[in-house]
Amino acid sequence: MAGAEDGPGQQPELDEDEAAYCRRWGAQHAGARELAALYSPGKRLQEWCSVLLCLSLLAHNLLHLLLLARWEHAPAVVLGVVAGAVTADFFSGLVHWGADTWGSVELPVVGKAFIRPFREHHIDPTAITRHDFIETNGDNCLVMLLPLLNMAYKFHTQSPEALAQLYPWECFVFCLSVFGTFTNQIHKWSHTYFGLPRWVTFLQDWHIILPRKHHRIHHVSPHETYFCITTGATGATVNRTGPPPTPRSPDSRHPPASRYLLSTYCVPISALGLEPSSG
């Protein structure tokens with residue numbers, strides 16, 4: 001993917017020490033190749049169907065929400081939108097923590113379909129930047145189908161009076177569905193350091209969606225904090241209990257921060273404007 005962290009022509013060549021970190025982690029890791037090979041044609045078909053149906057339902061429900069909108073709903077709608085974003089962020093962290101912590105790719109159905117991407121991601125964090133829109137968002141679209149179908153059903157079966165009373169709640173569900181649908185797209189942007197649209201970096205800078213600097217912390221071993229990947233706002237509530245992660249020991253050439261960048265992203269520290277600290 002052009003513009004991603006490991007896109008062709010986007011970064012200077014790695015020296016021998018930096019290349020050694022990339023061989024330990026990243027696309028060349030044997031485990032990463034094995035996990036990527038589990039992505040099947042059947043899985044691809046499921047993602048295509050999920051994305052098409054989910055996006056159609058989002059458009060359908062948004063149209064009905066706009067037709068039912070009234071000025072008197074405004075305060076409750078604002079509250080519902082904020083609550084939807086926060087709730088989506090919390091559940092993104094809960095699911096992320098669960099997939100990182102429990103089960104294996106050998107589990108029936110959920111192993112290859114849902115746990116595999118999380119395990120691959122920690123071995124090759126830049127793999128997500130090479131996924132297209134369908135592979136990136138297919139699973140989230142599948143999960144969001146139930147609330148979106150339920151909302152669409154209400155629009156065609158409830159009276160206008162009942163829908164007026166339900167309107168703030170439906171705005172909450174819709175916002176939750178939007179953020180839930182695009183959580184992995186937001187996650188992908190948090191790993192993309194070149195070529196992002198300005199509107200995306202604006203949303204990241206204002207913490208409306210997951211900022212890149214915020215998500216880096218999760219990828220420092222042992223990966224036990226900052227699981228939330230929608231806005232990152234509720235990360236503290238999902239962090240594992242226990243002592244804080246032990247900092248990496250200093251390296252003669254690269255301090256802990258730059259070692260993290262090399263081993264996790266395979267990006268030379270000069271490309272991100274970071275220099276080794278003297279301490």
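Threonine 192 is buried, at 1% relative accessibility (buried means under 20% relative accessible area, exposed over 50%, partly exposed in between, with a 1.4 Å probe and protein chains only). This threonine sits in the loop between helix 8 (183-190) and helix 9 (198-205). The model is a predicted one: local features need pLDDT of at least 70, side-chain atom pairs count only at pLDDT 80 or more, and totals for chains, interfaces and linings use all residues. Residues are numbered from 1 along each chain as its sequence is written, and side-chain values use heavy atoms, with hydrogens and water left out.

**Threonine 192**
- A polar atom of the threonine 192 side chain lies 2.9 Å from the backbone oxygen of lysine 188.
- A polar contact is a pair of N or O atoms within 3.5 Å; within protein, one must be able to donate a hydrogen and the other to accept it, and residues adjacent in sequence count only if both atoms are side-chain atoms.

**Asparagine 61**
- Asparagine 61 belongs to helix 3 (residues 41-68) and is buried, with a relative accessible area of 0%.
- Its side chain reaches the backbone oxygen of leucine 148 at 3.2 Å.
- Beyond its neighbours within four places in sequence, asparagine 61 is in contact with Leu148, Met151, Ala152, Phe155 and Phe174 (contact means heavy atoms within 4.5 Å).

**Helix 3 against helix 7**
- The axes of helix 3 and helix 7 (residues 160-181) come within 11 Å and cross at roughly 150°; axes are lines fitted to C-alpha atoms, for helices over the stretch in contact, and angles run from 0 to 180 degrees between N-to-C directions.
- On the helix 3 side, the contact is made by Cys54, Leu58, Asn61, Leu62, Leu65, Leu66 and Leu68.
- Helix 7 contributes Leu163, Tyr167, Glu170, Cys171, Phe174, Ser177, Val178 and Thr181.
- By class, this contact has 11 nonpolar, 3 polar and 1 charged residues (Ala, Val, Leu, Ile, Met, Phe, Trp, Tyr, Cys and Pro count as nonpolar, Asp, Glu, Lys and Arg as charged, and the others, Gly among them, as polar).

**Whole protein**
- The protein has 12 helices and 0 strands; helices (H or I, at least four residues) and strands (E, at least two) are DSSP runs, numbered from the N terminus.
- Of the 279 residues, 44% are buried.
- Among contacts with a separation of 6 or more, 68% come from residues 24 or more positions apart.
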